[in-house]
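Student: Could you take me through this structure by way of questions and answers, with the cut-offs stated as we go?

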Amino acid sequence: MLKDQVQIEYTEKELYPVQLKRWTKEDTYIEIEDEAGLHLRIYFYTDHIVRFRYGVDNLFERDFSYALNPKFEKQDIDTVIAEDNTYLTITSKAIVCRVAKANCAIAMIDLEGNIINEDEKGFHWEKNVDHGGEIVQMTKKVQPSEAFYGLGDKPIDLNLKGGRFQNWGTDEYGYHKGTDPIYKSIPIYYGLHHDMGYAIFFDNTYKSYFDFAKERSNVMSFWAQGGEMNYYFIAGPHLMDACQRYTQLTGTPELPPMWALGYQQCKWSYFPESNVKEVTSKMRELCIPCDAIYLDIDYMDGFRCFTWDKEKFPDPKRMVDELAADGWKTMVIIDPGIKKDKDYWVFKEGLEKGYFCRHVDGPYVEGKVWPGDCYFPDFTRPEVRDWWAGLYKGLIEETGIAGVWNDMNEPALFEVETKTFPLNVVHDYDGDMTSHRKAHNIYGMQMARATAKGVRDHAGGKRSLIITRSGYSGMQRFSSVWTGDNIATWEHLWIADVQAQRLAISGVSFCGSDIGGFIEQPDAELMMRWIQLGIFHPFCRVHSSGDHGDQEPWSFGEQCVEVFRKFVELRYTLLPYLYTTFWQYHQYGIPMLRPIVFYDQEDDDTMDRDHEFLCGDHILVCPVDKPGAKSRKVYLPKGEWYQFWTGKSYLGRKEYTVETPIDELPIFVKAGAIIPRYPVQQYVGEMSITELTLDVYFKEGVEKSTLYEDDQDTYSYETGEWVERQFTLVGTSESLIINQTAVGEYTGVKTFILNLKHLPFTPEYLKIDGEVVSVDGEIRVPVGFSKVELS
């Protein structure tokens with residue numbers, strides 16, 4: 001036993017690596033073999049991303065992943081390999097991978113010799129006597145004061161330490177704090193200790209588990225019921241760096257149309273057409289900006305997907321066109337269950353082509369959902385995905401539907417205890433036939449993938465909005481998400497806050513909750529507080545079950561209408577800021593929402609804070625999640641911050657008590673920020689905007705800000721029609737300078753209006769690119785300026 005190792009005890013069922021026998025350097029990996037025939041392959045994808053694959057008895061699965069971004073570029077890493085009697089070490093320009101020769105245990109170490117992450121038992125396995133193969137397990141040492149984050153939509157405290165969690169997509173109607181599992185399976189977690197952050201992505205689609213020092217206080221572990229021990233270590237050292245690298249590894253979404261970042265109104269269900277028109281007209285009458293109206297399952301003929309109930313909606317195209325003339329985008333829901341009906345064209349096509357899922361011995365999977373008895377497409381077959389994509393022609397190309405919402409795709413079944421398919425159902429898995437044990441967690445993601453292709457194929461070059469309830473790592477390449485069937489309670493307002501932060505750092509920034517709660521009905525106060533939070537979530541939609549009452553803004557009285565209008569208008573003025581933030585996510589993998597520990601990990605006081613978060617680079621939000629609150633405590637991270645409503649300045653790394661009247665939310669803007677603002681519109685595109693206001697928040701020092709522009713609607717940005725502007729603010733007690741650089745040739749707005757805030761001096765002169773101009777009245781500068789000086 002090595003002197004720095006402790007004695008590790010295994011159960012009689014556990015098998016584990018033994019003495020390293022040999023190692024070889026292959027083209028893309030280092031292969032290690034132990035004396036018992038276990039093989040370990042170590043891949044350096046980049047200097048910061050290392051992949052580990054363990055092959056029991058030298059048996060490796062097909063190297064295939066639905067999670068990985070096919071556009072991710074692995075780098076040609078020049079590693080240095082060294083060994084002595086105790087260790088084999090592989091060193092990149094960022095990290096050291098150390099393999100203990102006695103038992104093949106792994107330690108990841110920084111270049112200064114600090115341990116970032118290390119095995120306890122490390123890899124071990126048991127024979128799966130029920131299904132064959134192995135139950136693959138990994139245990140890691142918990143470092144002193146280590147905190148853990150991630151795992152997608154878990155409705156629990158942001159710091160996962162002390163918890164045990166399961167990944168198995170589940171239709172969990174009316175979940176609560178601590179309910180597990182729920183809809184999504186995202187096996188990425190972050191560790192932070194001694195100001196060193198890292199991530200581990202366990203890319204295994206079987207039912208998996210994570211234990212963050214619950215069973216043993218000094219050990220964390222993860223394991224799966226089948227498949228390989230296949231994981232990625234992603235170095236920081238900053239959590240934000242690790243998050244970006246993970247998100248780039250698994251991919252980012254295409255840019256949404258600007259309208260998809262607007263406010264959206266939904267209910268189960270708006271019907272018939274007259275009810276839809278009543279809601280949309282009332283929204284315009286009350287001047288509450290809104291871009292999208294949703295049709296839930298009742299628009300269909302007997303819940304048959306891709307059909308219309310012509311009694312409720314006699315002329316869908318006319319209705320959609322009339323709504324569009326008033327600025328509305330119409331969204332529809334599509335579920336995976338296809339009604340078993342020999343006269344239903346979708347069912348007949350799927351049956352004739354053999355596209356539905358089967359049990360291992362041949363019969364089709366049959367389950368009850370909204371239409372009754374249904375069959376279900378196997379979305380893991382490429383030809384089935386293509387077929388499904390083609391089914392959208394009628395809705396998108398011919399009717400004018402603007403986007404699609406995929407629900408029930410865990411997949412969910414009624415009237416069965418497991419809530420899903422039997423485990424003996426087989427799936428094509430893109431040419432590598434497997435059971436539902438392996439395919440369950442990616443079923444919803446592959447449905448969303450097929451939907452995204454179909455909508456894009458038939459949308460005439462316009463961008464669209466896709467939403468999914470269930471999915472796996474990488475789902476963000478195809479779809480936005482919402483957090484499922486929540487409840488109109490104050491607890492769920494807190495859950496919505498934490499889930500959105502957790503999803504964003506798990507690669508899925510385009511997320512939001514059912515504002516106000518889907519189940520039951522909120523009172524006016526809860527509804528007002530929820531919209532105040534919801535406008536800072538990338539996906540901003542009210543949705544509710546009509547069984548529990550109305551949930552339109554006017555359903556709660558005049559005060560609610562006024563507060564609703566105020567905050568939705570605020571979101572619409574911030575659309576260029578949110579759109580820029582989405583560009584940073586799309587282009588660089590930067591999460592749109594950031595827990596303050598991801599912003600200021602050097603401060604230990606941020607490690608367990610889960611109320612406050614940053615939306616984009618410069619706006620900090622803290623929701624009010626208690627009834628009757630007249631004030632609340634807010635912790636500000638490093639830096640100087642201005643209270644949005646009052647302009648009062650606060651220094652960071654300190655907790656403050658701030659007033660919270662019902663029409664205000666604690667919002668803070670970072671000093672030095674330049675925040676782009678639109679005029680209020682009732683919907684995106686209502687105005688032709690040629691002038692953009694830049695709110696300039698003074699700072700004594702230097703701060704950078706970004707503004708992104710394109711045409712907001714088509715895919716022309718993919719061929720270079722965009723511009724990214726970088727502003728650098730330099731402030732002193734007597735002067736303010738704004739420098740601008742730009743990449744890209746797109747021209748959108750023509751003029752900037754500078755709205756200067758909190759200057760410590762009265763400017764006597766203004767220079768624009770060296771030319772002195774008057775400072776009387778509004779300060780207008782051409783969009784292409786290089787330097788603005790005030791003193």
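This is a predicted model: local features need pLDDT of at least 70, side-chain atom pairs count only at pLDDT 80 or more; totals for chains, interfaces and linings use all residues.

Student: How many salt bridges does the structure hold?
Tutor: Side chains of opposite charge can pair when their charged atoms come close. The criterion used here is a side-chain nitrogen of Lys or Arg within 4 Å of a carboxyl oxygen of Asp or Glu. Under that criterion, the number of salt bridges in the structure is 61.

Student: Is Lys184, the salt-bridge partner of Asp153, buried or exposed?
Tutor: The closest N and O atoms of Asp153 and Lys184 are 3.8 Å apart. This pair links distant parts of the chain, 31 residues apart, with Asp153 in the loop between strand E11 (147–150) and strand E12 (164–167), and Lys184 in strand E13 (residues 184–185); helices (H or I, at least four residues) and strands (E, at least two) are DSSP runs, numbered from the N terminus. Buried means under 20% relative accessible area, exposed over 50%, and partly exposed in between, with a 1.4 Å probe and protein chains only. Asp153 has a relative accessible area of 0% and is buried, and Lys184, at 0% relative accessibility, also counts as buried.

Student: Which residue of the salt bridge between Glu134 and Lys127 is partly exposed?
Tutor: The two side chains meet with an N to O distance of 3.3 Å. Glu134 has a relative accessible area of 19% and is therefore buried. At 43% relative accessibility, the partly exposed residue is Lys127.

Student: In which helix do Glu322 and Arg318 both lie?
Tutor: These residues form a salt bridge whose closest N and O atoms are 3.1 Å apart. Glu322 is partly exposed, with a relative accessible area of 37%, and Arg318 is partly exposed as well, at 30%. They are four residues apart, about one turn of the helix, and the helix that holds both is H3 (residues 316–325).

Student: Which residues does Asn230 touch, leaving out those up to four places away in sequence?
Tutor: Asn230 is found in strand E18 (residues 229–235), and at 6% relative accessibility it counts as buried. With contact taken as heavy atoms within 4.5 Å, the residues touched by Asn230 are Arg51, Phe52, Arg53, Phe201, Phe202 and Asp203.

Student: How do the residues lining the largest cavity divide by type, and what is the charged count?
Tutor: On a 1 Å grid over the protein atoms alone, a cavity is a set of points where a 1.4 Å probe fits but cannot get out, and a pocket is an open set with protein on both sides within 12 Å along at least five of seven lines, lining residues having an atom within 4 Å of a point. The search of the whole structure finds seven cavities of 30 Å³ or more, and the largest holds about 60 Å³, a volume being the space filled by probe spheres set on points joined across faces, edges and corners. Its lining includes Phe536, Leu570, Arg677 and Asp695. With Ala, Val, Leu, Ile, Met, Phe, Trp, Tyr, Cys and Pro taken as nonpolar, Asp, Glu, Lys and Arg as charged, and the others, Gly among them, as polar, the lining has nine nonpolar residues, no polar ones, and a charged count of two.

Student: Which helix gives the largest share of the lining of the largest pocket?
Tutor: The largest pocket has a volume of about 1200 Å³. Of the 43 residues that line this pocket, the closest to its centre are Asn69, Lys71, Thr252, Pro253 and Arg477. The lining divides into 18 nonpolar, 16 polar and nine charged residues. Its largest share, six residues, comes from H7.

Definitions and conventions. Residues are numbered from 1 along each chain as its sequence is written. Side-chain values use heavy atoms; hydrogens and water are left out.
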